[in-house]
Amino acid sequence: MAGIEADVIEAFLERLKISDAVPVLVAEKLSSALAKEKLPKADEIAEMYREGSGDPIA
Amino acid sequence: MIQLLAIRIDEFRGIRELDLSPDCRSVVILGPNGSGKSGVVDAIDFALTGNVSRLSGEGTGGVSLAKHGPHVHRRDDPAAAKVTLTIRHAVNGQTGTLSRCVKTPGQFTLEPETPELLEAVTWASLHPELTLSRREVVKYVNAEPGKRAQEVQALLKLERIDETRRLLKSALSKTSSELKGTGTAVKNAEDAVRRHLDLTELLSEEICGVINGYRATLGLDLLEAVIADTKLATGVQGAPGGRGYDKLSALRDVDALAAFIAEHPNLSAAAAELAAALDLLKADPTILDALKHRHLVEVGLPLVANAVCPLCDQTWQDVSELRAHLEGKLARSEAAATLEGRIRKSAEEVAEELQRLRGLIQTAQPHSVTVGRGGDHAALLEWSNDLAAFEANLGSLETLAQVGSRLETNPLGTPTTLTSTLSELRVDIEALPDQSTAEDARIALTIAEERWSQLRQARASKAKATAARTTADAVYQAYNEVADSALTKLYDSVESNFSDYYRQINADDEAAFTAGLAPSAGKLDLEVDFYGLGMFPPMAYHSEGHQDGMGVCLYLALIDQVLGEDFRVAVLDDVVTSVDTNHRRQFCNLLKEVFPGVQFIITTHDEVWARQMQSSGLIDRQSLVRFHGWSVEGGPLYGSAGDFWKQIESDLDRDDVPSAAHKLRRNLEASMADIAESLQARVVYRPDNSHDLGALFNAVKGRHGELLKKAASSANSWSNEVAEQQVESLKADRTQAIQAQGDENWAINALVHNNDWATMTRADFDPVVETCKQFVDLFTCSSAECESWIYVSGTPGNEEALRCSCGALNVNLRQK
């Protein structure tokens, strides 16, 4: 990734880490997914949100 | 990150064999059009990136690197077409050779392959923007905003930022859709509980009252309150004979289903709206095409540069016709997008109503089993599945086209026997024998427990979906804030640097120049100040030369932004040609002062411009490569200007006085013209700029003497003894040089005025060379690192100082 894009991603992930609105698990998974050369599908991101947000459903 | 020590080109483009040794210094390659200069540019581009930007992208007319990269005589032997760069790591000084051949352009050989060099070479391969042609400069300035945004984003490597933004937006949309679906499920589950308990509102107290009524009948503990986790049927024992039934509750379920089938105004309105919108789509199939191709047209329109369509290569009558065609398509697609929004909204409303209906079927259907109507149960199940399939078809424009007729006729797809089925079911339920009050209470509590549990799960799913949606929104907002902030900062910085650079070049007439870069929705508007009269597009009023200057300044501002400290080499192919004559020195100063660590490799066909680069100190005296001509068989005819005194000496070593004399004269002509310009010497005006060497000699000699007098007078007026001594030293050098000229006057006259050297011997010519060298040295900075011509700052009659580019010489000319 080029400099500015990398800077944006780095700042974005830092922002997620301190955001109360974004669960830690989501921030971690996004960090890993967005660092890859090929971006993931939107469905995969949505699944990350589902998995990491709210209380687990019994 | 790397700089070029040497360039070796074999059988590449128009070049058979060529060696250059820039030695990590800036170089100017000078030659007439068609002399092969751009072949060197292509070769560097190829060696660094494995590609030749001029042979890729739009407008290449079928020319490709693979087919046309090798020299025409070696077109069937791409392995022979090879470029080797000797490189130096600009930070750690490591050197190596980087080679590529056209046969395997994606692979390079690097020796030695140290990790640092490998990283630097890999980095360079990702930066084709290190090579810039005039065509590319213009695109930054004169492109339409959409195209400019693409070009600038590509240069700044920002595509991924937008790609990531779109990805997160899409994920957000998905979570929104899921949340909507769970909301409908909760509504259905609430309806089921409400119907079962025969309540109009699901208030905790009311639920508690009904449930406790049943519990009291069974002698069970009463509930103090009902919350989400409450087990409504705690303590209820299962009946040995089976589940039993709640007759009234079952009748309410069947009635609710029947009522929906009889009257469903929301569904009818939404289905009618959807059918009407789909009719419009059906009436004009090009709308769907317009939607499909919308993005393609959006991308293609800014790429239109001539009458050839950038999307399909079809040639049009003229460019305006092509542009109008694509604009028409875009306008149609905008209308189509509005229609698409209308379709999606009404389709979502229809889907929501269908989900509600399926919820009603789901609660009614078990009752058919209770009364022994297994066939009806299967029919209801089949209908529910049919509705689910219908609902799925509402999700995309393509599948919606298949359900258009159903929307108009019978969106419910009601089975023909449904009304009678429900009537008979109702009768059968009513006919069920009454149970004991205790049994009724037991079953009512069991069903209440089931439906309360389903509601709890539906609410949990909705809460989960809400949390996911909140997360998605927070992530998207955070990304937007970070990306927008970074881009705003970036563009502010680019705008500021661009304005600074341009002002630096045009300080004399546009000292208050400002530029405005405004990013918006995939576009990047550029407006520039025009002499304080307002902000306009660059093409509006500025001359072509000024526009070219802006292009280079914007490129430098952008590349400085993206590469920062890694910006160590740039190849400028004919980029500087149109910079106004009056601003060339300032342009050179800009490159030299703002980018002192950058090796510029510059091509131009303008002899005067090339010399100005040298005289300004941007290019040192050894770094001019002159291309004299080109032939198919031999490629470029070139020679490095280098130290021409050494070349002359070499000729003399071979007793080739005519050749040495020819070189001396040619170089004196060029040098004297430069020096005359640098010192603001006066010569008789000639419209063709063809000044006689003798006239230049005299003008330079006279002006130099005049300036030293001014310098002496200045030093005296300031009582500056150091300056006085410095001027005296310069005067002494001058006296010695002129004295030497006097001694060799006969030979110099022969050279300067008569071109008469044929009869001279080496013994005759050696002193002439030495004398001329001594004379030229009077106007040359003595620093080996600089060697620029000395020049006068200020204007004639108002001279300020006599200087050189590196500052080693700085003699005041102003009086106290």
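Helix α20 of chain B (residues 607-615) is largely enclosed by the rest of the structure, because seven of its nine residues are buried. The model described here is predicted. The buried residues of α20(B) are B:W609, B:A610, B:R611, B:Q612, B:M613, B:Q614 and B:S615. Among the strands, they pack against β3 (27-30), β12 (599-604), β13 (624-631) and β15 (791-795) of chain B. Among the helices, the partners are α19 (584-594) and α22 (657-679) of chain B. Just after α20(B) comes a glycine, B:G617, with a positive phi of about 90°.

Strand β15(B), one of the elements packed against α20(B), also belongs to a sheet. This sheet is open and has three strands, in the order β15-β16-β17 of chain B. The pairing is antiparallel. The edges are held by β15 and β17 (810-812) of chain B. Each of these has a single partner strand, so one side of each is left without a neighbour in the sheet. From one strand to the next, the twist averages 25°. Strand β16(B) covers residues 798-803 and pairs with β17(B) over three bridges, in the antiparallel sense. In general, strands of a sheet pair through backbone hydrogen bonds, either parallel or antiparallel.

Chain A has 58 residues, of which 33% count as buried. Its secondary structure consists of three helices and zero strands. From the N terminus, the order of elements is α-α-α.

Chain A meets chain B through 29 residues, which are in contact with 31 residues of chain B. Three helices of chain A, α1 (3-18), α2 (24-35) and α3 (42-52), each supply at least two residues of the side that touches chain B. Helix α1(A) gives the most, with nine residues. By residue class, this side of chain A divides into 19 nonpolar, five polar and five charged residues.

Phi of B:R13 is near 50°, a positive value in a residue other than glycine. Is B:R13 buried or exposed? It counts as buried, because 26 C-beta neighbours lie inside 10 Å, and 20 or more are required.

Residue B:Y531 also has a phi near 50°, again a positive value in a residue other than glycine. Its loop runs between β9 (523-529) and β10 (535-536) of chain B. With 11 C-beta neighbours inside 10 Å, B:Y531 counts as exposed; the limit for that class is 12 or fewer. Thus B:R13 is buried, whereas B:Y531 is exposed.

The remaining feature concerns a peptide bond. The bond that joins B:E111 and B:P112 is cis, with omega about -10°. Residue B:P112 is found in the loop between β6 (109-111) and α3 (115-125) of chain B.

Conventions:
Residues numbered from 1 in each chain as written. Chains lettered and ligands numbered in written order. Predicted model: local features only at pLDDT ≥ 70, side-chain atom pairs only at ≥ 80, totals over all residues. Contact = placed C-beta atoms within 7 Å. Helix = DSSP H or I, 4+ residues; strand = E, 2+ residues; numbered from the N terminus. Nonpolar A, V, L, I, M, F, W, Y, C, P; charged D, E, K, R; others polar. Pairing = 2+ DSSP bridges. Axes fitted to C-alpha atoms, helices over the stretch in contact; angles between N-to-C directions.
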